[in-house]
Amino acid sequence: MIALYEPAVGRRLPLIDGIEKVTGRAAYTADLRAQALVGRILRSPYAHAELLGVDVTAARALPGVVAVITGEDCDKPFGVLPITMNEFPLARGRVRYRGEPVAAVAAVDAETAERALALIQLKVKELPAYFSAETARAPDAVLLHDGRPGNLLREVHDEFGDVDAGFAAADIVREARYRCAEVVHGQMEPHAALAEYDTERQRLTLHSVTQVPYYVHLMLAHCLGLEESRIRVVKPFVGGGFGARVEPLNFEIIAALLARAALGTVRLDLTREETFLTHRGRPETEIRVKLGMTRQGRLTAAACEVVQRGGAYASYGVITILYAGALLHALYDIPAVKYDGYRVYTNTPPCGAMRGHGSVDARHAFECLLDAIAAELGLDPFEVRRANLLKTPMQTANGIIVNSYGLPECLARVEKASGWRQRKGHLPSGRGLGMACSHYVSGAGKPIHRTGEPHAVVELRLDFDGAVTILTGAADIGQGSSTILAQAVAEVVGADLGRLRVIAADSAVTPKDNGSYSSRVTYMVGNAAIDAARQLRDILVAGAAHRLGVQPERIERVGENFRAIGSNDDGLSFRDTAAGALAQGGSITVKGTFTVPVEYQGGKHRGGAVGSTMALSYSAQVVEVEVDIDTGMVRVEKVWVAHDCGRAINPLAVEAQVQGSVWMGMAQALGEETRYDHGLPLHVSLLNYGIPTIVESPPIEVHIVECLDPNGPFGAKEASEGSLAGFLPAVTNAVADAIGLRFCDLPLTPDRILEALARRQRDSRIAAARGAAS
């Protein structure tokens, strides 16, 4: 078969749901109209305490209150990882952070619900609270969870190669400590859930803001003791995720428990403050990194210790601390790598996954020290990276297979675009250039729940109207995954995009999907969509061949038409071809699947599945800054970023995703930081949390590098996370170039800049005085 038509893949197309979003027609969870009771959550005012009693008598007696629930109404813990489910929807026995849900009410209106919360009485015995990893690990610290000595959720110790020999062979060995503040996702849409319980049929329907409808479905069944067949989970439009919603969250289960207790429908809309409390963001992280290098810039060994303040419950903590070590690999060729990681329980809100999950802070530390050593040796930072490039295809010491590696071209692109060689070291005072590299996975090699099912499933349905319906459980959270699937199907089937519609993330209609996390959807669900599309195409081609009296291999496509090769007529229209195929047996449904091959599912060492993937994206970027030495303000003048995403299925969407990841990196590097006063969050709105606005946003020049991956859909890889981690060290290195000071703590707020400048001036005066005295 020959295809003569305008390809769908590689075109700069607007997202297929863009019109609904920009016109306000898109219905988000909080927009759903329903006759619903109002749900509200009572949260703990204590950071750590034994919960001796929760008296809800007065609340239940208040007119207008329909249901009140406590931890007594659910004795099953939940969590995203089967091995670490240690959190209850409502606290049982102990509260472990300020803001933890203790009770919930459903009432006829918001005022009544708030009055009911005020009537609930708590009886507690306060316990020592720990707000840092250091205090939580103290020998005499009270354990937040039984059986976790040192308040450690997980510690990791890996060594690949002979690290000691590597350092001995180095001409220079340097070590430094870095600290990255805890940050949150800051998605525009606050958390919300709408739960409906059908009493007669004992069925539950939940609409929620989730990125992982399937995992929510599992935990609802688990916590409510319902069969999965009696539950329906629907994801409406979502106003941003970034990892905040890649696990079942307490408010979703609370909404369901309230709906069942009230025998009706309950709406639970969280405030921005409550959304901050349920953030599951990137943990405060202390990194100690040690690198060995030859005078020529060749790395000989690396050692890294990471300590994460994980918060009160497990969440994704085991994965996060493993990712930090796993992704030290597969960017550069390092002969020996040692990693020690510690995930610590503290009396702060639980942290989880955030864009660039696990890799960002450790990559920041590595790239900053690499830059410092290069400067000490008088080597160009670009040349140091080039001296340590991988030779692909290859397999890293920790089992990651790398088949496509566009980092060399990424380096060349941003070096040239930024005028690095002409401008570095020649900018006015207070201005500087910095660079760094980063990478990320295209989906995790192993699923969280290992059921034996395919890792991704897509169904296509062709019916009497000639439309092709794409059914997917994958959650489009704004990243454009539904558009990518439509382009993939259109490319293979040869259908116009206007003929396609996507129905996503409704468990009553769509096949199961593991969710939108770790940049898995384009790679895994995209491959499943291609598999389904090929099956549908073959059915259409066979039908056209039968109608035209030729063999299938003698069919060509011209636009949407099917005709015999060598024919001068228009052939059969898509509609006529579809009608012929439907005449054989009615509506046509095909199923495509994708499963990661075993060889890509990770190394044999403990925790080796984390970091495993079929492909990695690669990124290099240059950042230009101006530092005001009077105010300490760091202004980003411009960013040049090159991202190897394999085939850019939709270059417009790729550019937007890369810009978004760089922008989030800028937010973490320059302003964002959660702060607590004895466990009380001090950031309750977007007004007092340091997310930059359009005023602070610089031009971000994106260069798409298409190093095709042999296993990716049309050669595609991830595009939305890999560039984030590179910005933090690039801007830090640019500040060092601008004012001659290297910073180890993020964010680079004006007070930190001014303190460092004052300290340098003070040290200079002391040195001058000592020199004069001698």
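**Close-up 1. Salt bridges, starting with Glu114 and Arg40.** There are 43 salt bridges in this predicted model, a salt bridge being a side-chain nitrogen of Lys or Arg within 4 Å of a carboxyl oxygen of Asp or Glu. In the Glu114–Arg40 pair, the closest N and O atoms are 3.0 Å apart. Glu114 sits in helix α3 (residues 110-119) and Arg40 in strand β2 (residues 37-43), so this pair links distant parts of the chain, 74 residues apart. Glu114 is partly exposed at a relative accessible area of 41%; here buried means under 20% relative accessible area, exposed over 50%, and partly exposed in between, with a 1.4 Å probe and protein chains only. Helices (H or I, at least four residues) and strands (E, at least two) are DSSP runs, numbered from the N terminus. Residues are numbered from 1 along each chain as its sequence is written, and side-chain values use heavy atoms, leaving out hydrogens and water. As this is a predicted model, local features need pLDDT of at least 70 and side-chain atom pairs count only at pLDDT 80 or more, while totals for chains, interfaces and linings use all residues.

**Close-up 2. Glu274 and Arg43, another salt bridge.** The N to O distance is 3.1 Å. Glu274 belongs to helix α8 (residues 272-277) and Arg43 to strand β2, 231 residues apart. Both ends are tucked away: Glu274 counts as buried at 14% relative accessibility, and Arg43 counts as buried at 13%.

**Close-up 3. Arg295 and Asp171, a salt bridge between loops.** Here the closest N and O atoms are 3.2 Å apart. Arg295 lies in the loop between β14 (284-293) and β15 (299-311), and Asp171 in the loop between α5 (163-169) and β9 (172-180), 124 residues apart. Arg295 is exposed, with a relative accessible area of 55%, whereas Asp171 is partly exposed at 39%. Elsewhere, salt bridges with shared partners tie Arg179, Glu182, Glu284, Arg309, Glu673 and Arg752 into one network.

Close-up 4. Strand β21 (residues 468-472) runs parallel to β22 over 5 bridges, and Thr469 stands opposite Arg501 in β22. Contact means heavy atoms within 4.5 Å, and angles run from 0 to 180 degrees between N-to-C directions, with axes being lines fitted to C-alpha atoms (for helices, over the stretch in contact).

**Close-up 5. The buried residues of helix α16 (residues 574-582).** These are Phe574, Thr577, Ala578, Gly580, Ala581 and Leu582. Their cover includes β20, β21, α14, α15, β24 (561-564) and β25.

**Close-up 6. Strands β27 and β30, paired in the parallel sense.** Strand β27 (residues 634-644) and β30 share 6 bridges. His643 stands opposite Ile704 in β30. Strand β30 (residues 700-705) is mostly covered, with 5 of its 6 residues buried.

How values were computed:
Pairing = 2+ DSSP bridges.
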